Amino acid sequence: YSSLSLIQFLSDLQSETLELEISKVSAPFFKTVGDLKGAPLSWLTSLIEYPFMFSLLKERLATKDSVRAMLKNTVSITMLSTQGPGKNVIPSQASAFLDIRLLPSTQVESFIDKLNELGKKYKIEVEISERSDSTTSEGESVFVKKMKKLIESEVKDSALTPFLSPGATDNRFFRKIGIQAYGMIPILIDY
């Protein structure tokens, strides 16, 4: 029945191992953190874009939730519902909403195709109800260079670095109309 099929599909989906990967957006962040921490981490992170080095570092990096979301696609179950005439009647339909956050290198359509392939055995179909593609701003703009110089002159052992935000920001609306927009997320690194 529909509710059980949906639960089984979602269980399989949550058990699915999504590959960790380093992207051209997140690599500079890890290199900067390595530089701040010094050797040997600076040497390791300077080579993070090489598959062998990333394979050595990825499990350690993925132990922190905030970092793991920069290294893999995420799928979170946010809502479940059924349609039926009453509490004691098995519903004919069940649905779920998933919050899917994809790395910039992931093609949305191929990811959804993968989910639909997994759903076939449960007669589950995945469709997009809302979509917001990832956006980036120029990392070497005049604004970024001036901000970097200011921050590094005012705060000891600090750095301005690109960051792949695991959440959406309103900056995406500005970027879509051609305006370079930047978010500032001050963080303390403890590695």
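Guide: Let's start at Ser-15, which lies in helix α1 (residues 2-15); helices here are DSSP runs of H or I with at least four residues, strands are runs of E with at least two, and both are numbered from the N terminus. This is a predicted model, in which local features need pLDDT of at least 70 and side-chain atom pairs count only at pLDDT 80 or more, while totals for chains, interfaces and linings use all residues. Residues are numbered from 1 along each chain as its sequence is written, and side-chain values use heavy atoms, with hydrogens and water left out.

Ser-15 has a relative accessible area of 56%, so this residue counts as exposed; the cut-offs are under 20% for buried, over 50% for exposed and partly exposed in between, with a 1.4 Å probe and protein chains only. Thr-63 sits 48 residues away from Ser-15 along the chain, and their C-alpha atoms are 17 Å apart.

As background, nonpolar side chains in soluble globular proteins tend to be buried together.

Apart from neighbours within four places in sequence, Ile-22 is in contact (heavy atoms within 4.5 Å) with Ala-27, Phe-30, Ile-48, Glu-49, Phe-54 and Leu-71.

Next, α2: Ala-27, Phe-29, Phe-30, Thr-32, Val-33 and Gly-34 are its buried residues, and they pack against α3 (41-46), α4 and α5 (65-68). Just after α2, Gly-38 takes a positive phi of about 85°.

The structure holds three aromatic pairs, where rings of Phe, Tyr and Trp (its six-membered ring) pair if their centres lie within 6.5 Å, with planes under 30 degrees apart called stacked, over 60 edge-to-face and the rest tilted. The ring centres of Phe-29 and Phe-30 are 5.3 Å apart and the planes meet at 75°, so this pair is edge-to-face. Both residues are buried, and ring pairs join Phe-29 and Phe-30 with Phe-163 in a cluster.

In α4, Met-53, Phe-54, Leu-57, Lys-58 and Leu-61 are buried. Down the axis of α4, these buried residues fall within an arc of 125°, so they line one face of the helix; the arc is that of the directions from the helix axis to the C-beta atoms. An α-helix has 3.6 residues a turn, so residues three or four places apart point the same way. The buried residues of α4 pack against α2, α3 and α5, while the face turned away carries the exposed Phe-52, Leu-56 and Glu-59.

Finally, stepping back, the chain has eight helices and two strands, running α-α-α-α-α-β-β-α-α-α from the N terminus. Of its 191 residues, 30% count as buried.
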